[in-house]
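Have the sequence and the 3D view open as you read.

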Amino acid sequence: MSNARRARAEQVETTRARILATAERLFAEHGVFTVSSRQISEAAGQGNNAAVGYHFGGKNELVRAIVRRHATPTERIRERLLAEHGGSDRLRDWVTCVVRPITDHLATLGDPSWYARFAAQLMTEPNLRQLAAAEVGAAPTLHAVLDGLHERLPHLTPEVWQERDDMAHTLIMHFCAQRERAMPPGVDSRSVWAATATSLIDALEGLYGAPCQNIQDRI
């Protein structure tokens, strides 16, 4: 590759990264549907107001790119935790593998960060939630973690596993969004996320381990 082509490729990558970071912040602050592609381009300092379309093709593709940007490092953390706890019979260890990939990743983002609030926004809209799930759901280690967790829950049916997985995911993302929003200026965010992880693991260990009434009694 020539120096000119290499410089051009680096410029494109820098521009894409700036657009992604700007979109993540604006979506977190104002909502995905409220913010236009034009507003993102302008806030990212792009003279071409069609920059989002040029680099990503549209808003849905931009949302996917933001999710993918965080899914990769989160999956690496999950792989490490699974290697550490994969042979455990303790429910808490498997819940740790569910919670800490998210909180540990958030701890790497510094302060301020926006991803928890962005992810919580996606959960409130079915189409966006499905879009994000398609990206995150492709992570092989996530399936391994959930399979290991479910094996520790013989008192629950697969339908209840899924229901509690949904509850857990909702609690994790909205609680993390609340913590991210309330992060005090100048605080060591790593200590906040470590405490957040402990609180979530405590709560979700109780959620997953709770008994379940007969299905007919729940209707």
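In which helix does D165 lie? D165 is in helix α9, residues 158-181; helices here are DSSP runs of H or I with at least four residues, numbered from the N terminus.

Before going on, a word on the ground rules. This is a predicted model, where local features need pLDDT of at least 70 and side-chain atom pairs count only at pLDDT 80 or more, while totals for chains, interfaces and linings use all residues. Residues are numbered from 1 along each chain as its sequence is written, and side-chain values use heavy atoms, with hydrogens and water left out.

Back to D165: it's buried but has no salt bridge, and the nearest side chain of opposite charge, R164, sits 8.8 Å away. Buried means under 20% relative accessible area with a 1.4 Å probe, protein chains only. A salt bridge would need a side-chain nitrogen of Lys or Arg within 4 Å of a carboxyl oxygen of Asp or Glu; Lys and Arg count as positive, Asp and Glu as negative, and His and the chain ends aren't counted.

T141 belongs to helix α8, residues 140-151. T141 counts as buried because its relative accessibility is 8%. Its side chain makes a polar contact of 2.7 Å with that of E75. That term covers N or O atoms within 3.5 Å, one able to donate a hydrogen and the other to accept it within protein; residues adjacent in sequence count only if both atoms are side-chain atoms.

| Residue | In contact with |
|---|---|
| T141 | E75, R78, E79, L82 |
| D165 | L146, L149, H150, Y208 |
| L62 | I19, L20, A23, F27, I40, V52, F56 |

L62 also turns up in the largest nonpolar core, which has 58 residues; F27, I40, L62, F118 and I172 have the most contacts inside it. Helix α5 (residues 91-107) gives this core its largest share, 9 residues. Such a core is a set of buried Ala, Val, Leu, Ile, Met, Phe, Trp, Tyr and Cys residues joined through side-chain atoms within 4.5 Å.

The loop between α5 and α6 (115-123) holds P112, and the peptide bond joining D111 and P112 is cis, with omega about 5 degrees. As for α6, 8 of its 9 residues are buried, so the rest of the structure largely encloses it. F118 and R117 are among those buried residues.

How values were computed. Buried < 20%, exposed > 50% of the residue type's maximum accessible area, 1.4 Å probe, protein only. Helix = DSSP H or I, 4+ residues; strand = E, 2+ residues; numbered from the N terminus. Contact = heavy atoms within 4.5 Å. Lists of a residue's contacts leave out its neighbours within four places in sequence.
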